[in-house]
Amino acid sequence: MIDLQLAAAEVFMVCAICVVLLVDVWLPDERRLLTFRLALLSLVGAAVCSAYYLPNGSVTAFSESFVTDPASAVMKIFAYLIVGLVFIYSRDFLMRAGLFKGEFFILALFALLGIMVMLSAHSMLTMYLGLELLALSQYALVAFDRDSPIAAESAMKYFVLGAIASGTLLYGISFIYGVTGTIQLGAIAAHFSQPGAITVPALLGLAFIIVGVAFKFGAVPFHMWLPDVYQGSSTPVTLFIGSVPKIAAFALAWRILSESLGDMHGSWQTMLAVLCVLSLVIGNIVAIAQSNIKRMLAYSTISHVGFIFMGFIAGTEDGLQAAMFYTLVYTLMAAAAFGMVILLSRSGFDAENLDDFKGLNARSPWFAFVMLMVMFSMAGVPPFVGFYAKLVVLGSVLDAGLIWLAITGVLLAVIGAFYYLRVVWFMYFVDPVDDSPLDAALDFRVVISANGLGLLALGLFPGVLLDLCARVIG
Amino acid sequence: MLANYAPILIFLVVATGLGLVLLALGFALGGGQKDAEKLSPYECGFEAFEDTRMRFDVRYYLVAILFIIFDLEIAFLFPWAVSLDTIGLFGLVAMGIFLAVLIVGFIYEWRKGALEWD
């Protein structure tokens, strides 16, 4: 019975998805809003379950293949919050595009369930199960707009590349299983803590696992799918894929690299450092050349992944906390940025180009300011929270003695600031191409304003989230 | 250590042997009535060789996917039914949950019209 209590949030989520699914198939189209409300309600319910059944320490269940600890609970609650933002931002856009179907919410909730399972995974197979649930839901979400050829193309690319990456990860896992004789993360960690346990087959398995992790993060040179998928999906799907699954990618790296293969840190540190530097360089420089805002944000994601990797590269508790802080902050920033792209879209018109942001200040000073906060935060300008995220990550790398990596990070962050500030320049100093006023529902306006102000508030009081990360992880 | 793999070796030998014996029997006892249709490769419902860019009714895939889901369900049900007296109430409840989830999926595809051919 205690096992089911530890997985209460996941069990609740499965039941809630079934209820939403069954209610949705009986609803006529004009009452589809009920699906949306039920989906939001299931997020609240899951949050209550996660908070109520939170154990004090780390407790495993189901023959040690599932673990509930404060860190996973905090990240799950954060994931519910972001998915809630995604739903609220998406609703009106989906209605206008004729895509307001129950399947969007159901697939997103299934993807969230996959993320929850990954966060609580304590065996390689549980991790893989969660990963596949997340990935399959995402492939279907990308192809959600069935009449769009570009969406079908990007879904196909994502599916083929994602299948290869999953296979690679599984191949690596099979090597680790062959070496250690177990798939349970704690037992694997115990095996590699013995002297002389790090053999060539184990390193081979590690290399394959790193490829899988890098693909899921979208780190260079495994980033090819990311810009195409971001651009090809309809904006609400881009909003979803660009935000919450980063928490899952963090969970993958955290549980497998830090927790179970932590003693091989000396081996994977160099591999991650190469991926990190490549991501920083390619992400920041190629983003400058983009005229499509979704592609620009895709390359910006790639560069942020480089920063998240820095925390892992440091290999210390501080580094892990910094990576967690960075991941959570990044999902908040990405949700707000894609929310703004949705805000600028109207019926039959996707605001995809940077030009659509021209003169936003003349059209709506407040939302121009919200976008300014998001862009400044992503660029790492104080006092926004993106600055503290970069600061703690760079600090952990410096403490680990990797001064060259910190310098590379700072230099490329400065280069990257250019394309974020270019958006701000477009909004404030260029005449608008199109003068029509922005229209959005009240809840959309309130939530995106809160999201933008949250970046400022967390930047003014970064200690709140930093202390939380420090308390729960490591 | 290697002895553990003996069943696999035996399996391979038997499988190869059985395949060879069946082919040889067909060859020896089959008689000699060979015509063009018998010698042409067989593919159910399609020409064996034609342009790869042919149109293909997507409903075939839908039926195939639905078939696999319920086929797997049966594959789970058989070992469960055989061992029910040892796994007891726990097994009954576990299978109940499994079937309930499948029924939810079944209702969904039914209401969406996936079971109708036209």
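Which residues of H11(A) are buried? They are A:Thr235, A:Pro236, A:Val237, A:Thr238, A:Leu239, A:Phe240, A:Ile241, A:Gly242 and A:Ser243. A residue is called buried when 20 or more other C-beta atoms lie within 10 Å of its own, exposed when there are 12 or fewer, and partly exposed in between, with C-beta atoms placed from the backbone. Since nine of the nine residues of this helix (residues 235-243 of chain A) are buried, H11 is largely enclosed by the rest of the structure.

The model is predicted, so to speak of a local feature takes a pLDDT of at least 70 and side-chain atom pairs count only at pLDDT 80 or more, while totals for chains, interfaces and linings use all residues. Residues are numbered from 1 along each chain as its sequence is written, and chains are lettered from A and ligands numbered from 1 in the order in which they are written.

Chain A, taken as a whole, holds 21 helices and two strands; these are DSSP runs numbered from the N terminus, with helices being H or I of at least four residues and strands E of at least two. Of its 474 residues, 54% are buried. The C-alpha trace spans about 70 × 55 × 40 Å along its principal axes. For 474 residues, a compact globule would have a radius of gyration near 23 Å, and the 21 Å of chain A agrees with that; the radius is taken over C-alpha atoms, and the globule rule is 2.2 Å times the number of residues to the power 0.38. Among contacts in chain A with a separation of 6 or more, 79% link residues 24 or more positions apart, a contact being two C-beta atoms, placed from the backbone, within 7 Å.

One helix pair makes a handy example. The axes of H6 (residues 124-142) and H7 (residues 149-180) of chain A come within 9 Å and cross at roughly 170°. Axes here are lines fitted to C-alpha atoms, for helices over the stretch in contact, and angles run from 0 to 180 degrees between N-to-C directions. H6(A) and H7(A) are therefore roughly antiparallel, the word for angles over 145 degrees, whereas under 35 is roughly parallel, 65 to 115 roughly perpendicular and the rest oblique. The residues of this contact divide into 12 nonpolar, three polar and one charged. Nonpolar covers Ala, Val, Leu, Ile, Met, Phe, Trp, Tyr, Cys and Pro, charged covers Asp, Glu, Lys and Arg, and the others, Gly among them, are polar.

A cis peptide bond, with omega about 5°, joins A:Val220 and A:Pro221, and A:Pro221 sits in the loop between H9 (200-217) and H10 (225-232). Another cis bond joins A:Pro382 and A:Pro383, again with omega about 5°; A:Pro383 is in the loop between H17 (365-379) and H18 (385-399). In the loop between strands S1 (59-61) and S2 (66-68), A:Phe62 has a positive phi near 50° without being a glycine. With 15 C-beta neighbours inside 10 Å, A:Phe62 counts as partly exposed. A:Ser63, in the loop between S1 and S2, also has a positive phi, of about 50°, but with 10 such neighbours inside 10 Å counts as exposed.

As for chain B, five of its residues contact four residues of chain A. The chain B side divides into three nonpolar, no polar and two charged. The predictor gives the complex an ipTM of 0.82 and a pTM of 0.90.
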